[in-house]
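This report is meant for a reader who is meeting the structure for the first time. Please look over the sequence and the model before reading on.

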Amino acid sequence: MIQLLNRCFKNRKAWLLLLLTACVLELIALYFHHVVLLKPCVLCIYQRCALFGIVAAGLVGAIAPATPLRFVGLAVWLYSAWQGLLLAIKHTDIQLHPSPFVTCDFFVSFPIWFPLDKWLPSVFSANGDCAARQWRFFSLEMPQWMIVIFSTYLAVAVIVLIANFFCSLKCNLFTR
């Protein structure tokens, strides 16, 4: 199993699948934003950025999947999935336990050198409330679904990391 995973992620198709799933989720987010007219909050936008990090990881891994460059993609994937999971947990906590003392910011705060909300306001501007419950599917709110999604991305990334580590360790043991 570990060898199969290691071989899969040395193949461009696996990285393109990662890229495709994250792009589909981004398109779904834009559909909810612009067609269903749900108002994204600051944490929604930050989770969207974490998904764009996974898109970037898929691109980096797809460029040269059989080279050490795939570890850069894997690192970006792990970091983005972890940060997205933390944001989704925080968002869920705000929705399930509303408090006037625990809220999200009113405006997104991107670095001065990378103002995504100014460059692409239709994608990265937030005008919703983090505590507002706008959408539910199978009794889970949107941030709860994002916990499931980011947990899945994180679990697969950890398994791929372990597979790469054990395969390289096993290969080194057998070549001596």
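Helices here are DSSP runs of type H or I with at least four residues, and strands are runs of type E with at least two, both numbered from the N terminus. The model is predicted. Between α6 (121-124) and β1 (136-137) there is a loop, and Q134 has its place in that loop. With a relative accessibility of 36%, Q134 counts as partly exposed.

H91 is buried, its relative accessible area being 3%, and its side chain makes a polar contact with the side chain of Q47 at 3.2 Å.

The two residues can be set side by side.

| Residue | Relative accessible area | Class |
|---|---|---|
| H91 | 3% | buried |
| Q134 | 36% | partly exposed |

The helix pair comes next. Helix α2 (residues 12-34) packs with helix α3 (residues 42-63) at an angle of about 155 degrees, their axes being 8 Å apart. Because angles over 145 degrees count as roughly antiparallel, α2 is roughly antiparallel to α3. The crossing of the helices α2 and α3 is left-handed. Among the residues that meet in this contact are W15, L19 and L30 in α2, and F52, V55 and I63 in α3. The contact of α2 with α3 divides into 17 nonpolar, 3 polar and 3 charged residues.

Key: Residues are numbered from 1 along each chain as its sequence is written. This is a predicted model: local features need pLDDT of at least 70, side-chain atom pairs count only at pLDDT 80 or more; totals for chains, interfaces and linings use all residues. Side-chain values use heavy atoms; hydrogens and water are left out. Axes are lines fitted to C-alpha atoms, for helices over the stretch in contact, and angles run from 0 to 180 degrees between N-to-C directions. Angles under 35 degrees count as roughly parallel, over 145 as roughly antiparallel, 65 to 115 as roughly perpendicular and the rest as oblique. A crossing is left-handed if the near helix is turned anticlockwise from the far one by less than a right angle, and right-handed if clockwise. Contact means heavy atoms within 4.5 Å. Ala, Val, Leu, Ile, Met, Phe, Trp, Tyr, Cys and Pro count as nonpolar, Asp, Glu, Lys and Arg as charged, and the others, Gly among them, as polar. Buried means under 20% relative accessible area, exposed over 50%, partly exposed in between (1.4 Å probe, protein chains only). A polar contact is a pair of N or O atoms within 3.5 Å; within protein, one must be able to donate a hydrogen and the other to accept it, and residues adjacent in sequence count only if both atoms are side-chain atoms.
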